[in-house]
Amino acid sequence: MSISSIFVYGTLKHDQLRGAMWPKRPLSIEPAIALGQLWDLGSYPGLCSGNDSILGELWTFDSNDIPATLDILDGIEGYDPSSDSGLYLRKVIQVLSKDRQTQAFAYLIEDIGKWPKARRIFPWSDSPSGEQVALWPDSLARVPEHESDEDC
């Protein structure tokens, strides 16, 4: 199966700082939930493995647009696919949207211990289905308006 979706939960969401930096136009953007732990890393979030429901966006593309899109996002997220290393790692995760469960690419942090000032964002917001979800930004997040505002 070819993966043609990307799950985002932070500054790449459509209404955030990097929402306009996507190189290709998606076929759709829809709310979606993934499992993990969401962390506030200063002026952007990080997602790592866990069992909390994390609310983000599922961006779905024409399969021909995925390579170019991932290439640009890898640079934004500091991921090196040749060594599978970087600030974030690109992984395939399970995501649940309104109508389907699917696999999607997502950028995750591997070791939260490398972020001594990280603050965990616990589930606090009600999703459309009524369950509690973790969501960035929360009331304590410092949301940058410009790239120069980031402090991590």
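Q: In which segment is Pro137 found?
A: This is a predicted model, in which local features need pLDDT of at least 70, side-chain atom pairs count only at pLDDT 80 or more, and totals for chains, interfaces and linings use all residues. Residues are numbered from 1 along each chain as its sequence is written, and side-chain values use heavy atoms, with hydrogens and water left out. Strands are DSSP runs (E, at least two residues) and helices likewise (H or I, at least four), numbered from the N terminus. Pro137 is found in the segment after strand S10 (132-133).

Q: Is the peptide bond from Trp136 to Pro137 cis or trans?
A: Most peptide bonds are trans. The bond from Trp136 to Pro137 has omega near 0°, and is cis.

Q: Is Asp84 buried, partly exposed or exposed?
A: Asp84 lies in the loop between strand S4 (79-80) and strand S5 (85-86), and its phi is near 50°, a positive value in a residue other than glycine. Buried means under 20% relative accessible area, exposed over 50%, and partly exposed in between (1.4 Å probe, protein chains only). Asp84 has 38% relative accessibility, so it counts as partly exposed.

Q: Which residue in S7 is the bridge partner of Arg90?
A: Strands S6 (residues 89-97) and S7 run antiparallel and are joined by 8 bridges; two strands pair if DSSP finds at least two bridges between them. S6 and S7 form a hairpin with 3 residues between them. In S7, the partner of Arg90 is Tyr107.

Q: How many of the 8 residues of strand S7 are buried?
A: Strand S7 covers residues 101-108 and is largely enclosed by the rest of the structure. This is because the number of buried residues in S7 is 6 of the 8.
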